[in-house]
Amino acid sequence: MNSINHAATALVVKRFAPGVPFVPLLISVQLIEFIWVGLNLIGVERTQFDADATTIADMHLVHMPFSHSIAFTMLWAAIAWIVVAAVWKQPKWGFAIAVGIMSHIILDALIHVPDVEIIPFLGWPELGTGIYGIPLLALAVELAYGVFVWWIVRGNMTMLIGLCLLNLSSISFYVTAIAGPEVMLAGHPDWLAMFIGGHIVIGLAAVYWIYTRQDNLDPMAAQ
Ligand SMILES: [Zn+2]
């Protein structure tokens with residue numbers, strides 16, 4: 001799932017856990033992506049981006065056991081839950097943050113080609129629907145997910161338009177005929193990891209701004 005939709009998922013968690021501060025939720029939904037960026041940059045996890053890449057289908061997440069496996073994501077979620085419950089004495093916050101962390105791997109498995117391991121290093125079949133192998137379908141699914149978030153959160157027009165435009169801003173990664181940053185990133189998976197790192201931060205900031213434009217998500221603001 002792209003950075004915008006992962007970030008937007010924090011709006012859904014916030015809707016069902018209104019008492020939890022929004023910034024930790026934003027970090028939670030992208031926690032394993034931040035881990036992925038870091039591990040790619042130091043060479044522990046590996047990504048290939050074909051030299052003639054034109055779309056997301058040319059990106060191959062070859063090795064990402066610690067950031068993007070079901071088992072390790074559950075471990076990160078459990079650690080976050082325990083730390084938040086123990087250090088801040090906020091078990092409900094910890095649970096919502098754990099849900100946010102798990103949302104990432106579930107959304108990725110729903111759209112990736114099969115590259116999400118259940119338990120790494122066992123050689124089991126990997127999870128993924130294969131939608132990222134058909135970039136135009138992937139773009140449609142990404143847009144539909146943004147609309148779904150808006151609908152379930154009962155967001156305003158700013159949210160609907162914002163999430164649609166942010167999803168469309170990555171269109172060059174889904175449409176071969178439209179050239180964008182992927183042309184420069186082709187053949188440079190390390191640059192790709194840094195680019196995605198930047199995209200994560202921009203997506204989180206944009207969704208935070210959208211959050212501040214809602215009057216139904218923060219019980220303190222609504223009173
Ligand atoms: Zn991911």
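The model is predicted, so local features need pLDDT of at least 70 and side-chain atom pairs count only at pLDDT 80 or more, while totals for chains, interfaces and linings use all residues. Residues are numbered from 1 along each chain as its sequence is written, and side-chain values use heavy atoms, with hydrogens and water left out.

## The zinc site

The zinc ion has as protein donors Glu 33 (OE), His 68 (NE2), His 104 (NE2) and Asp 108 (OD), which lie 2.1 to 2.2 Å from the ion. Donors are N, O and S atoms within 2.8 Å of the metal (3.2 Å for Na, K and Ca), and sites may look incomplete because water is not among the atoms. Along the chain, the donors are spaced as E-x34-H-x35-H-x3-D. Glu 33 in helix α3 (residues 31-41) and Asp 108 in helix α5 (residues 91-111) are 75 residues apart, and this pair links distant parts of the chain. Helices (H or I, at least four residues) and strands (E, at least two) are DSSP runs, numbered from the N terminus.

The angles among the four donor atoms run from 83 to 174°, and the site is irregular. Four donors count as tetrahedral if all angles lie between 85 and 135 degrees; four count as square planar and six as octahedral if opposite donors are over 155 degrees apart and all others between 65 and 115; anything else is irregular.

Glu 33 counts as buried at 9% relative accessibility, and Asp 108 counts as buried at 1%. Buried means under 20% relative accessible area, exposed over 50%, and partly exposed in between (1.4 Å probe, protein chains only).

## Aromatic rings

A search of the whole structure gives 10 aromatic pairs. In one of them, Phe 72 and Trp 76, the ring centres are 6.0 Å apart and the planes stand at 45°, so the pair is tilted. Rings of Phe, Tyr and Trp (its six-membered ring) pair if their centres lie within 6.5 Å; planes under 30 degrees apart count as stacked, over 60 as edge-to-face and the rest as tilted.

Both Phe 72 and Trp 76 belong to helix α4 (residues 70-87), where they are four residues apart, about one turn of the helix. Phe 72 is partly exposed at 22% relative accessible area, and Trp 76 is partly exposed at 25%. One aromatic cluster is formed by Phe 66, Phe 72, Trp 76 and Phe 121.

Elsewhere, the charged end of Arg 15 sits over the ring of Phe 16, 5.7 Å from the ring centre. A charge sits over a ring if NZ of Lys or CZ of Arg is within 6 Å of the ring centre and within 35 degrees of the ring normal.

## The largest pocket

The largest pocket holds about 400 Å³ of space. Its lining consists of 24 residues, and Asn 2, Ser 3, Ile 56, Ile 196 and His 199 lie nearest the centre. At least two lining residues come from each of α3, β2 (59-63) and α9 (189-212). The most is given by α9, with four residues.

On a 1 Å grid over the protein atoms alone, a pocket is an open set of points with protein on both sides within 12 Å along at least five of seven lines, and lining residues have an atom within 4 Å of a point. Grid points are joined across faces, edges and corners, and a volume is the space filled by probe spheres set on the points.

## Loops with positive phi

Most residues other than glycine have a negative phi. Lys 89, not a glycine, has a positive phi of about 55°, and Arg 154, also not a glycine, has a positive phi of about 55°. Lys 89 is in the loop between α4 and α5 and counts as exposed at 63% relative accessibility. Arg 154 is in the loop between α6 (135-153) and α7 (157-168) and is exposed, with a relative accessible area of 56%.

## Pairs apart in sequence

| Pair | Apart in sequence | C-alpha to C-alpha |
|---|---|---|
| Thr 54 and Ile 178 | 124 residues | 8.4 Å |
| Ala 98 and Ala 80 | 18 residues | 6.4 Å |
| Val 13 and Val 153 | 140 residues | 9.1 Å |

Thr 54 lies in the loop between β1 (46-49) and β2 and is partly exposed at 28% relative accessible area. Ala 98 is in helix α5 and is buried, at 7%. Val 13 is part of helix α1 (residues 3-16) and counts as buried at 12% relative accessibility.

Conventions: On a 1 Å grid over the protein atoms alone, a cavity is a set of points where a 1.4 Å probe fits but cannot get out, and a pocket is an open set with protein on both sides within 12 Å along at least five of seven lines; lining residues have an atom within 4 Å of a point.
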